[in-house]
Amino acid sequence: MTEPGRLTRDDVAHVASLARLHLSDEELDLFTGQLAEVLDHASDVASLDLAGVAPTAHAMAVVNVLRPDEVRPGVDREEVLTQAPSVEDHRFRVPRILGEAP
Amino acid sequence: MKPGWEMVVGLEVHCELKTDTKLFCGCPNMFGDEPNTNVCPVCLGLPGSLPVLNQKAVEMAMAIGTALNCEIRPSTFHRKNYFYPDQAKDYQISQYDEPINANGHLDLPDGSRVGIERAHMEEDTGKTTHAGTSGRIHGADYSLVDYNRSGVPLVEIVSAPGMRSSAQARAYATELRAVLVASGASDGKMEEGSMRVDANVSVRRSAGDPFGTRCEIKNLNSVRSLGRSIDYEADRQIALLESGEAVVQQTRHWDEDAGRTVALRSKEEAYDYRYFLEPDLVPLVPDAEWVEAVAATLGMMPATRRARLIDLLIDGGGASEAQVDQVATVVDLGLDDLVVAAVAAGVGSGLALARTANEAATDADAARRLDPGSYVALLTMEGAGTLTATQAKAVLADLLADGGGDPVTMAKARGFEAMSEDSLASTVAEVVVTHPDEWERYCEGGEKGDKLAGFFTGLVMKATRGQANGKAVAVELERLRGS
Amino acid sequence: MVRAGEWSAVDVLEQHLAAIEAGDEAIHAFNLVTADEARAQARAVDRKVADGGDPGLLAGVPVALKDNLCTRGVPTTCSSRILEGWKPPYDATVVTRLAEAGALLVGKTNMDEFAMGSSTETSAFGPTRNPHDTGRVPGGSSGGSAAAVAAGFAPLALGSDTGGSIRQPAALCGVVGMKPTYGTVSRYGLVAFASSLDQIGPFATSVADAALLFDVIGGHDPLDSTSLNRPTPRVLSVIDDGVDGLTVGVLTEFLDGAAPDVADRVHQAAEALAAAGARVEEVSVPEVTLGLSAYYLIAPGEASSNLARYDGVRYGLRIDAEDTVAMNTATRSAGFGDEVKRRIMLGTYVLSAGYVDAYYNQALRVRTKIIDGFAAAYRHCDVLLGPTAPTTAFALGAKTGDPLTMYLSDVCTIPSNLAGHPAISIPFGAGDDGLPVGVQLLGPALSEGTVLKVAAAVEAAAPPLAPPAPARAPAEGVAT
């Protein structure tokens, strides 16, 4: 399989933005170097031919874990809201939301 | 729709399931409660919380899949990652490449079939209210989030891009809604948000061409808005293309008051949700027994109910186009069981259908609550000639208003006694005697003669102030003519 | 002893609190000491004993909890600024089970931030120091819990292990630390790092005590879908059964990367097991060498998603801004440390469209290979033996300059997390520098009984290790 190219500064800037992280220029440089090194090390995995091997997402093969449709006690609203950064009208207050949900 | 163009429409419908609790936790699935009172660590996305799947939600999803003729498959859950304040974990647990239901279809009353690609399970988000002048996002100073709705179970039904007109899209939405309600999974209230419809619309010059660029329309609160917005959007795209511009792929918002779609922030690229298998959940592998058990408890679908009535009409001699419409109305209002009961008791199918579609339908709520026995008794009286049509309609109005009763008693109360055979015969005889010329012509027969039956019937009706039964009069005239 | 009424829970607790008071300033094992809560719990235990009731299997035993375990009303910070001061409105399942068993919550221990690290140096609140040499790291990420037990602050502690975060600090601090089979201990209330790898496990001064603690916290939990719904091994009763007839495989790939003094200890342990009646042979599981790379693709991927919820909206730190996106960004940038940011970005990258198949999905295939490799070994071995960590404790600051060097500390522990298998580190003498060495036993899924049996035999043969100064509190074994 084709291996991805080496991690670039632009790649890191892009994922930082996706992850809602702001990096200074120095941080961007530092992290790019460090992450590229880790990915280089991981390229031994990327380059393997494992076409016939099924991925294992769960180590223990369990299926059909379900619960009955019965109401269970939740949490005390006040206990939760007192831990919230900003509350108004028993709701969580956030600054202006610029766009619709994707 | 401009000639020389074809529209292509696909619908995505999000349906809230009528479970008692949320999809992944035991919080009540309840609309309208005080904000943030139906929450727990799981649906608030608190650190350390974990999801556990609601069995009833799975069964309702399977019921929907069965009703939509889907394959019910082993399925898995994935995380759809994106940041948004109403998304408690900043990812949504949904189904991605292995949905529970796939490859189904929905047959519409007009006979067309729309493919259904998938109907998968996912969790709902919380609700944001925006503080500002319009209550809308744009221009708001800040927003408030209520997580009562966070984690409510949804089934997302994605149709194939198989509709070619707004009428067909409306028919699909209407029929789908009826199916969702009939399956027991939903209450289908578009206006309340328990059924949300988004439309994907594109245009092309002819059926052989590849699909054009599509736009997604959101914020549709009724089937009517759905139709209007699709027509508007198709016209908008055609105008763009005809003037040499391209259609930009984007999400658009339907503005009901202005009657147009408006672009939201245009997304140049598709959002990367970084889907991966949800490690906190395990796969769902329903065995054949479970699938069959769910299918066995599924109620009758609207299409089956319509077919049932059409069959009764055909047995009774045939179904006219008007009657097909009546059948649709009756089924849509949930009154078809009344028709079936009446026909089973010997009432003519045409009469049973007409009375139900035209009169009972005027107060469908009351009609649904009526004791079928009273309804059948009334129609039987009308069918036997004991009551005229006018009289029967009056008694039915009384039945509906009172929420039930005994039709015989009610007819008497109104003074609708059937005329005795003797008094009918004597009234007919009198009318005949006082109109000898017409009687002679009637006895001669032929087309002209037969027509006079109506003349005599009219005179009898006038003389008896509408109490006579028209059919009984006709029978008596014939008898006199023959003797 | 407390159960039998010989000692009072209050007295035992006060001794430990005194030890913490005297010694923790130098060690910083704790983020928070919950003295008052513990005293109230102790009094309740003593009352129950006096009334003739059953106070529970861990009655009056002080237990330290890693600060990523939710404790209702008690700050749970994951040693991160972004959760500083956050009080969960609920208890983790293991916390509830400990309380039901009569244990005393003595405090929340320091850790690498969000469990990301191998030295407890990424904590936002300063590192924990190794009680055997305070210039050295205690290992990580559960360094605080390991140090607390090593220093005698608590006889028992809980940690979490995603890539070795219980076993490696146990080895570096000279205590017993175990990661059980994935699914045997509920994760409900464990702040998630990498969901398919995380497990909660015990720290103790003896194999028997670790077994007891495992028996108390383990078992099915309907609040955790990945919790196994079949009998969890109950192990305390079998650990003294001996190793006759068992086959122990010495894992060559693990030995390859170990420092000579550490490797010597492993060989010594192998000889002791042979002397005790086990069959000992060399075993190769070449697939384990892929574990490190696969881990550093899977774990950050899951972590990047698990840590998205820290956005300043519902709890924790918030840095205000004009709009929500700016607020999320300012909050997360200020609230997370560098290592956490690195792993979030790495994880976001390996999951992104275009790369997810080459990296993340590929790592999941490697996981299959590792599981198959172990399965082959377990066809003729009951357990595997190797070092826990490649070296003894390194100096504070020695590896913080280069993330990759730090990641290499986990080569021997990661494969068990990927496979979901149980593994335990048992102290086995010291290295050339006098610092503790741990040897590791691994077993197939749900083989805790066998693993602990062998562990007890290893423990019995372990060379003595000098306790850290100051001298430990006079703690007798709990499991008497």
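**Close-up views of a predicted three-chain model**

**View 1. Helix H12 of chain C, its length and its bend.** H12(C) contains 22 residues and spans 30 Å from its first C-alpha to its last, close to the 32 Å expected at 1.5 Å a residue; the expected span is 1.5 Å times one less than the number of residues. Helices (H or I, at least four residues) and strands (E, at least two) are DSSP runs, numbered from the N terminus. At C:Ala363, H12(C) bends by about 25°, the bend being the angle between axes fitted to the seven residues ending there and the seven starting there. The model is predicted, so local features need pLDDT of at least 70 and side-chain atom pairs count only at pLDDT 80 or more, while totals for chains, interfaces and linings use all residues. Residues are numbered from 1 along each chain as its sequence is written, and chains are lettered from A and ligands numbered from 1 in the order in which they are written.

**View 2. Helix H9 against helix H12 in chain C.** H9 (residues 291-306) and H12 (residues 357-378) of chain C pack at an angle of about 130°, with their axes 9 Å apart. Axes are lines fitted to C-alpha atoms, for helices over the stretch in contact, and angles run from 0 to 180 degrees between N-to-C directions. H9(C) is therefore oblique to H12(C); angles under 35 degrees count as roughly parallel, over 145 as roughly antiparallel, 65 to 115 as roughly perpendicular and the rest as oblique. Residues of H9(C), including C:Gly291, C:Leu297 and C:Gly301, meet residues of H12(C), among them C:Tyr359, C:Ala363 and C:Ile370. Two residues are in contact if their C-beta atoms, placed from the backbone, lie within 7 Å. By class, this contact of H9(C) with H12(C) has nine nonpolar, two polar and one charged residues. Ala, Val, Leu, Ile, Met, Phe, Trp, Tyr, Cys and Pro count as nonpolar, Asp, Glu, Lys and Arg as charged, and the others, Gly among them, as polar.

**View 3. Helix H9 against helix H11 in chain C.** The axes of H9(C) and H11(C) cross at roughly 100° and come within 7 Å. The two helices, H9(C) and H11(C), are therefore roughly perpendicular to each other. Among the residues making the contact are C:Leu297 and C:Pro300 of H9(C), together with C:Arg343 and C:Leu351 of H11(C). The contact of H9(C) with H11(C) comprises seven nonpolar, four polar and one charged residues.

**View 4. The side of chain C that touches chain A.** Here 59 residues of chain C are in contact with 48 residues of chain A. H9, H10, H11, H12 and helix H13 (403-407) of chain C each supply at least two residues of this side. H12(C) provides the largest share, 12 residues. By class, the side of chain C that touches chain A has 30 nonpolar, 16 polar and 13 charged residues.

View 5. A cis peptide bond, with omega about 10°, joins C:Gly140 and C:Ser141. A:Asn64, which is not a glycine, has a positive phi of about 55°. Most residues other than glycine have a negative phi, and most peptide bonds are trans.
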